[in-house]
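Here are my notes on the model, as promised. Have the structure open while you read.

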Amino acid sequence: MRVAVIGADRPWGALLAAELGVEFEVVAIGAEETSDLAGYRQVDLLQREALDPVLAGVEAIVHAAGGGPAGDGEGAVLDTAARSTYVALTAACAVGIEKAVLLSDLDLMRDYPEEYIVDPQQWNALPRAEAGSLAPLMAELVGREIARTGRCLRFGELGAETTADDAVEAVRQALTAERRGHDWLLAHVASSGRFA
C-alpha cells in the first residue's frame, strides 16, 4: 500500500514516515525546507494545487500536520491546523483515497480531573482558550466532517506517554482496518498514564 505521511517535517510525522516504510511504500510530505527522510517532498500544505500531484497513486494518508501545528502567532497556528487538514482530506477524496488517519493530541483531555476515567467515545474534548490547544480540535472537527473512512488517533507526548512502538502499531492498524463505508473512529493512543 502506498501511504502519504503529511507533516513528515514534525516529530510524529517523521517517526511514522520512517517506521511505516518497513511495511508500506511511504511518500513523506511536509511544509519545511529540509528533512532527513529519503524521498521527502516539500509542499505548501495550505494550497490544494501543490498537494494534488504529490498524492498521485497514493492509497491512504496519515495527516500529522493538524494535531500540533507549528506557526508564528495564534492565527497562523489555527489556520495551519484547520486549513491543512481541509486541504489534505479534500485532496485525498478528490483522487479517490478512501483511508485517512488524522493525528491529534491527548492534551485535549487533560483538564478533566485525574480521578475520571476518560475515554474517546463518551467524553468531549476540553480545549483551552489558546491556539495551541484549539488547533488539534479544529483539525479533528474538519476531519470528522469530511471523513469517508477516517481514523483520528490522539497521541500523548512522544516517548513519554505514547511510545514510538505503540504509535506506529496504532497507525498500522488504522491503515489496514477493513473499510465499513462512511466511518469516523476516535481513539486514544497512550502507552502509560491516565489515558492508557
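1. Ground rules. This is a predicted model, so local features need pLDDT of at least 70 and side-chain atom pairs count only at pLDDT 80 or more, while totals for chains, interfaces and linings use all residues. Residues are numbered from 1 along each chain as its sequence is written, and side-chain values use heavy atoms, with hydrogens and water left out.

2. The H3/H4 pair. Take helix H3 (residues 74-94) and helix H4 (residues 131-146): their axes come within 9 Å and cross at roughly 20°. That makes H3 roughly parallel to H4 (angles under 35 degrees count as such). The crossing of H3 and H4 is right-handed, meaning that the near helix is turned clockwise from the far one by less than a right angle. Helices here are DSSP runs (H or I, at least four residues), strands likewise (E, at least two), numbered from the N terminus.

3. What sits between them. Contact (heavy atoms within 4.5 Å) involves, on the H3 side, residues including Val 77, Leu 78, Ala 81 and Leu 89. From H4, the contributors include Leu 134, Met 138, Val 142 and Ile 146. The residues of the H3 contact with H4 divide into 14 nonpolar, four polar and one charged; Gly is counted as polar in this scheme.

4. Salt bridges overall. I'd look at these next: the structure holds 12 of them, each a side-chain nitrogen of Lys or Arg within 4 Å of a carboxyl oxygen of Asp or Glu.

5. Arg 172 and Glu 23. Their side chains meet in a salt bridge at 2.4 Å, N to O. This pair links distant parts of the chain, 149 residues apart: Arg 172 is in helix H5 (residues 164-176), and Glu 23 is in the loop between helix H1 (11-20) and strand S2 (25-30). Glu 23 is partly exposed, with a relative accessible area of 42% (buried is under 20%, exposed over 50%, partly exposed in between, with a 1.4 Å probe and protein chains only). Both residues also belong to a salt-bridge network with Glu 169.

6. Asp 52 and Arg 48. The closest N and O atoms of this salt bridge are 2.7 Å apart. Asp 52 is partly exposed at 26% relative accessibility, and Arg 48 is partly exposed at 27%.

7. Arg 128 and Asp 111. Here the salt bridge is 3.3 Å, N to O. Both partners are in the loop between strand S5 (99-105) and H4, 17 residues apart. Arg 128 is partly exposed at 31%, and so is Asp 111 at 44%.

Notes:
Axes are lines fitted to C-alpha atoms, for helices over the stretch in contact, and angles run from 0 to 180 degrees between N-to-C directions. Angles under 35 degrees count as roughly parallel, over 145 as roughly antiparallel, 65 to 115 as roughly perpendicular and the rest as oblique.
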